Amino acid sequence: MKFTEIKNALSSKAVGIAGCGGLGSNCAVALTRVGIGKLVIADFDVIEESNLNRQYFFFEQIGKYKAPTLKENLLRINPKANVSDHIIKLTPNNIVDIYKDCDVIVEAFDKAEMKEMIVETVLSHFPAKPIICGVGLAGWGGNNLIKTEQFRKLYIVGDRTSETSENDPPIAPRVGAVSNMMANVVLEILLGKDK
Amino acid sequence: MKITLNNNTEILETAETELTITQLLQIKKYSFKNLVVKINGDLVKRGTYDLAKFKDGDTVDVIHMISGG
């Protein structure tokens with residue numbers, strides 16, 4: 001497929017991203033670059049200096065809300081991008097409302113209990129909607145431990161064991177690898193298998 | 001009992017014809033706090049692990065959710 005054909009095929013698709021941190025911001029950038037028709041992004045948090053080791057924000061944006069600031073950065077890549085941003089703490093109720101029209105949902109939270117919550121919500125309310133979840137991305141190296149596993153409509157990307165902690169933090173290379181693999185799964189779902 | 005657990009064949013040593021998710025978590029020593037559990041593709045909600053049963057030939061997924069993003 002030529003790039004113009006890829007872009008054309010993606011132009012009618014909507015992707016929901018839950019969380020605008022390390023996974024969400026980098027995944028959103030990849031999807032914007034390839035021309036996804038619409039992105040729906042949500043996050044309640046503001047940018048801190050410690051986020052800049054992996055999240056797609058800039059030093060002068062510290063203190064701003066992540067969701068509208070990510071939109072601003074995505075529009076700098078493509079001023080015609082269609083991005084709907086929400087400053088909101090996601091819950092089972094508002095997830096159903098915010099992401100109901102999305103073709104695919106990307107789980108991009110930090111905390112394990114939030115990951116569980118959105119997967120449970122999406123699987124029970126939208127059993128036919130694909131959801132991609134990032135699990136296991138702390139530290140560095142271990143390229144070949146990162147993989148994608150599919151459980152019907154649920155896709156898990158990551159090494160599935162490296163939990164983040166003070167001594168095993170999430171940092172740009174590995175978080176970027178997982179988030180771009182998640183974007184790659186989005187394309188595989190929307191365009192069909194290529195490889 | 002022979003099941004498909006997390007996309008792999010798993011043989012569970014048991015005399016029972018059915019097991020609950022709670023029993024499976026004990027047998028496999030799965031101690032993670034946050035899980036997504038499915039039996040034959042259907043979600044088993046948290047709080048129903050004592051009630052949800054599976055049998056020989058079933059497909060069970062116990063997916064661990066761990067922090068990081």
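Me: How many residues line the largest pocket?
Reply: The structure is a predicted model. In it, the residues nearest the centre of the largest pocket are Asp43(A), Phe44(A), Asp45(A), Lys66(A) and Asp110(A). The pocket holds about 440 Å³ of space. The number of residues in its lining is 22.

Me: Which helix supplies the largest share of the lining of the second largest pocket?
Reply: The second largest pocket, with about 370 Å³ of space, is lined by 15 residues. Those nearest its centre are Asn184(A), Leu187(A), Leu191(A), Gly192(A) and Asp194(A). Two helices of chain A, α2 (22–34) and α6 (172–191), each supply at least two lining residues. The largest share is six residues, and they come from α6(A).

Me: How many nonpolar residues are in the lining of the second largest pocket?
Reply: By class, this lining includes three polar residues and four charged residues. The nonpolar residues of the lining number eight.

Me: How much area do chain A and chain B bury between them?
Reply: The contact takes 31 residues from chain A and 21 residues from chain B. Glu116(A), Glu120(A) and Phe151(A) supply 28% of the area that chain A buries against chain B, more than any other three residues. Of the area buried between the two chains, 56% is on carbon and sulfur atoms, and the total is about 2,100 Å².

Me: Which two residues form the salt bridge across the interface of chain A and chain B?
Reply: Side chains of opposite charge can pair when their charged atoms come close. The rule for a salt bridge asks for a side-chain nitrogen of Lys or Arg within 4 Å of a carboxyl oxygen of Asp or Glu. One such bridge is found across the interface. With a distance of 2.7 Å from N to O, the pair is Arg46(B) and Glu116(A).

Me: Which element gives the most residues to the side of chain A that touches chain B?
Reply: Between the two chains, 15 residue pairs are in polar contact. On the side of chain A, two or more residues come from each of α2, α5 (112–125), β5 (131–134), β6 (147–151) and β7 (154–158). The most, eight residues, are given by α5(A).

Me: Which residue forms a salt bridge with Glu149(A)?
Reply: Over all chains, the whole structure has 11 salt bridges. The bridge of Glu149(A) has its closest N and O atoms 2.3 Å apart, and the partner is Arg160(A). Glu149(A) lies in strand β6 of chain A, and 11 residues away, in the loop between β7 and α6 of chain A, is Arg160(A).

Me: Which side chain makes a polar contact with the side chain of Ser84(A)?
Reply: Ser84(A) is placed in strand β3 (residues 83–86) of chain A. Leaving aside residues up to four places away in sequence, Ser84(A) touches Lys38(A), Leu39(A), Val40(A) and Ile41(A). The polar contact of its side chain, at 3.2 Å, is with the side chain of His86(A).

Technical notes
Residues numbered from 1 in each chain as written. Chains lettered and ligands numbered in written order. Predicted model: local features only at pLDDT ≥ 70, side-chain atom pairs only at ≥ 80, totals over all residues. Heavy atoms only, no water. 1 Å grid on protein atoms, 1.4 Å probe; cavity = no way out; pocket = protein on both sides within 12 Å on 5 of 7 lines; lining within 4 Å. Points joined across faces, edges and corners; volume = space filled by probe spheres on them. Helix = DSSP H or I, 4+ residues; strand = E, 2+ residues; numbered from the N terminus. Nonpolar A, V, L, I, M, F, W, Y, C, P; charged D, E, K, R; others polar. Contact = heavy atoms within 4.5 Å. Buried area = accessible area lost by both parts, 1.4 Å probe. Polar contact = N/O pair within 3.5 Å; in protein donor to acceptor, adjacent residues only side chain to side chain.
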